Amino acid sequence: MELHKKVIRGGIYITMDANIGDIKNGAVLLEGNIIKEISHSEHAFDHHQDAEFIDAHGAIVMPGMVDAHRHNWMSLFRGVSTEESLPAFLINTFYAFGGVFTASNMYAAVLSGNINAINAGTTTVYEINDCVNTPDHAFNAIQGMKDSGIRGIYAYGMQVYNFEPSGFKSQEDRLDMARHLSCTQFNR
């Protein structure tokens with residue numbers, strides 16, 4: 001099976017590679033999600049008739065950014081507490097919203113937050129999902145990550161909110177769910 005190819009040409013390339021350096025009006029050949037080759041010539045890959053060509057003149061081309069601390073479960077209420085102190089944020093936002101946040105809210109928030117990240121140039125996230133009120137919250141967060149297409153690591157939270165009905169009888173139940181997710185939802 002042949003991978004889908006893309007050729008990006010023109011623009012300024014920030015390669016992040018000391019041996020290649022930055023390139024003006026170069027080209028990059030992608031196969032699937034893999035950078036196969038970079039050239040200083042913008043027409044170096046024109047012979048790839050099976051590729052989609054993307055004109056990057058006037059643009060900066062660079063690897064995606066990594067967000068190593070993201071709480072996408074809070075993406076539906078971003079900006080709500082921008083003027084609050086940390087104690088006020090914890091009371092008025094973190095615990096208040098966390099206590100009523102449903103599994104359906106979780107899917108929408110994580111999907112939306114990751115799409116926003118991708119649109120801003122972030123292609124990899126470390127998702128700190130500290131609002132796991134029920135097992136469905138965890139499954140929906142993971143599905144939101146998968147559906148967004150982002151690369152990421154899901155960090156399962158042990159935070160307890162005043163959510164009714166409680167999705168876990170004990171912290172041990174929470175740990176069992178974390179083990180289950182680790183064995184069933186991720187590539188090992």
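Strands here are DSSP runs of E with at least two residues, numbered from the N terminus. The model on screen is predicted.

**Stop 1**

Select Met16. Met16 sits in the loop between β2 (12–13) and β3 (23–24). Its phi is near 65°, a positive value in a residue other than glycine. Most residues other than glycine have a negative phi. Met16 is exposed, with a relative accessible area of 66%.

Move on to Asn25. Asn25 belongs to the loop between β3 and β4. Phi of Asn25 is also positive, near 55°. At 29% relative accessibility, Asn25 counts as partly exposed.

**Stop 1: the largest pocket**

The largest pocket has a volume of about 770 Å³. Now colour β1 (5–9), β4 (27–31), β5 (34–39) and β7 (60–61). These are the elements that give two or more residues to the lining. The lining divides into 14 nonpolar, 8 polar and 2 charged residues.

**Stop 2: Phe53**

Go to strand β6 (residues 51–55) and pick Phe53. Phe53 is partly exposed, at 31% relative accessibility. Draw a C-alpha to C-alpha distance from Phe53 to Lys6. The two are 47 residues apart in sequence and 5.9 Å apart in space. Beyond residues up to four places away in sequence, Phe53 touches Val7, Arg9, Phe45, Asp46 and His48.

**Stop 3: the aromatic cluster**

Select Trp73, Phe77, Phe89, Phe94, Tyr95, Phe97, Phe101 and Tyr161. Ring pairs link these residues into a cluster. The model has 11 aromatic pairs.

Zoom to Phe77 and Phe97. Their ring centres lie 4.1 Å apart and their planes meet at 10°, so the pair is stacked. Phe77 is in the loop between β8 (65–70) and α1 (86–98), while Phe97 is in helix α1, so the pair ties together parts that are 20 residues apart in sequence. Is each ring buried or partly exposed? Phe77 counts as buried, at 7% relative accessibility. Phe97 counts as partly exposed, at 28%.

Switch to Tyr95 and Tyr161. This aromatic pair is tilted, with 5.7 Å centre to centre and 55° between the planes. Tyr95 lies in helix α1 and Tyr161 in the loop between β10 and α4 (171–184), so the pair ties together parts that are 66 residues apart in sequence. Tyr95 is partly exposed, with a relative accessible area of 39%. Tyr161 counts as buried, at 7%.

**Stop 4: the largest nonpolar core**

Select Trp73, Phe101, Met106, Tyr154, Tyr156 and Leu181. Of the 24 residues in the largest nonpolar core, these touch the most other members. The elements that give two or more residues to this core are α1, α2 (103–119), α3, β10 and α4.

Centre on Phe101 and show its surroundings. Leaving aside neighbours within four places in sequence, Phe101 is in contact with Trp73, Leu76, Phe77, Met106, Ala109, Cys131, Asn133, His137 and Phe163. In soluble globular proteins, nonpolar side chains tend to be buried together.

**Stop 5: Asn140**

Follow helix α3 to Asn140. Asn140 is partly exposed, with a relative accessible area of 23%. Which residues does it contact, leaving aside neighbours within four places in sequence? They are Ala103, Ser104, Met106 and Tyr107. Now draw a line from Asn140 to His4. Their C-alpha atoms are separated by 29 Å, and the residues are 136 apart along the chain.

**Stop 6: the second largest pocket**

Select Ile142, Met145, Lys146, Ile150, Arg151, Gly152, Tyr154, Gln185, Phe186 and Asn187. These residues line the second largest pocket. About 230 Å³ of space lies in this pocket. The elements that give two or more residues to its lining are α3 (135–148) and β10 (151–156). The lining divides into 5 nonpolar, 3 polar and 2 charged residues.

**Last stop: a cis bond**

Select Glu164 and Pro165. A cis peptide bond joins them, with omega about -5°. Most peptide bonds are trans. Pro165 is in the loop between β10 and α4.

Conventions:
Residues are numbered from 1 along each chain as its sequence is written. This is a predicted model: local features need pLDDT of at least 70, side-chain atom pairs count only at pLDDT 80 or more; totals for chains, interfaces and linings use all residues. Side-chain values use heavy atoms; hydrogens and water are left out. On a 1 Å grid over the protein atoms alone, a cavity is a set of points where a 1.4 Å probe fits but cannot get out, and a pocket is an open set with protein on both sides within 12 Å along at least five of seven lines; lining residues have an atom within 4 Å of a point. Grid points are joined across faces, edges and corners, and a volume is the space filled by probe spheres set on the points. Helices (H or I, at least four residues) and strands (E, at least two) are DSSP runs, numbered from the N terminus. Ala, Val, Leu, Ile, Met, Phe, Trp, Tyr, Cys and Pro count as nonpolar, Asp, Glu, Lys and Arg as charged, and the others, Gly among them, as polar. Rings of Phe, Tyr and Trp (its six-membered ring) pair if their centres lie within 6.5 Å; planes under 30 degrees apart count as stacked, over 60 as edge-to-face and the rest as tilted. Buried means under 20% relative accessible area, exposed over 50%, partly exposed in between (1.4 Å probe, protein chains only). A nonpolar core is a set of buried Ala, Val, Leu, Ile, Met, Phe, Trp, Tyr and Cys residues joined through side-chain atoms within 4.5 Å. Contact means heavy atoms within 4.5 Å.
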